[in-house]
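Thanks for asking me to look this one over. Here are my notes, point by point, to read beside the model.

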Amino acid sequence: MKDEFSWSDNDEIIVPSFNIISSAQACIYNKLKPVFVDCENETWNIDVNKIEQVITPKTRGIIVVHIYGLPSDTDKILDLAKKYNLKIIEDAAQAHGMTYNGKMREFQ
Ligand SMILES: Cc1ncc(COP(=O)(O)O)c(C=O)c1O
């Protein structure tokens with residue numbers, strides 16, 4: 001994505017603070033800066049109410065992780081992505097069979 005969208009070194013990607021190392025590692029491997037956002041007590045997923053406060057002119061995307069099969073608040077994250085022109089990368093490694101808004105989620 002970095003090449004595809006002409007992102008620069010040290011551009012910022014928002015990642016949940018609770019996850020295995022993969023999401024942060026993917027950023028660092030690509031010379032992007034992972035910016036951690038705290039997670040919710042109820043789902044352990046990224047707290048969507050804390051995302052906006054870390055968005056800067058260098059923010060390019062959000063890695064959304066659905067931890068332990070519990071869905072992140074994807075609708076709100078998509079709204080933020082639209083508002084700030086951010087790309088969404090979903091980590092669905094723990095999302096097999098997950099439902100969201102009463103429907104089975106499909107991932108590309
Ligand atoms: C949330 C999450 N993301 C990614 C991965 C895959 O990580 P990796 O490809 O580094 O083994 C896992 C594996 O358990 C995971 O739980």
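**Notes on the fold and the ligand shell**

1. The protein chain holds two helices and six strands; these are DSSP runs numbered from the N terminus, with helices being H or I of at least four residues and strands E of at least two. Read from the N terminus, the order is β-α-β-β-α-β-β-β.

2. A word on the source: this is a predicted model, where local features need pLDDT of at least 70, side-chain atom pairs count only at pLDDT 80 or more, and totals for chains, interfaces and linings use all residues. Residues are numbered from 1 along each chain as its sequence is written.

3. Strand 1 (residues 12-16) pairs with strand 2 (residues 33-37) in the parallel sense, over five bridges; pairing asks for at least two DSSP bridges between two strands. Within this pair, Pro 16 stands opposite Val 37 of strand 2.

4. What surrounds the ligand? The residues are Asn 19, Ile 20, Ser 22, Val 65, Asp 91, Ala 93 and Gln 94, counted when the C-beta atom, placed from the backbone, lies within 6 Å of the ligand. This shell divides into three nonpolar, three polar and one charged.

5. Along the principal axes, the C-alpha atoms of the protein chain fill a box of roughly 40 × 25 × 25 Å.

Conventions:
Nonpolar A, V, L, I, M, F, W, Y, C, P; charged D, E, K, R; others polar.
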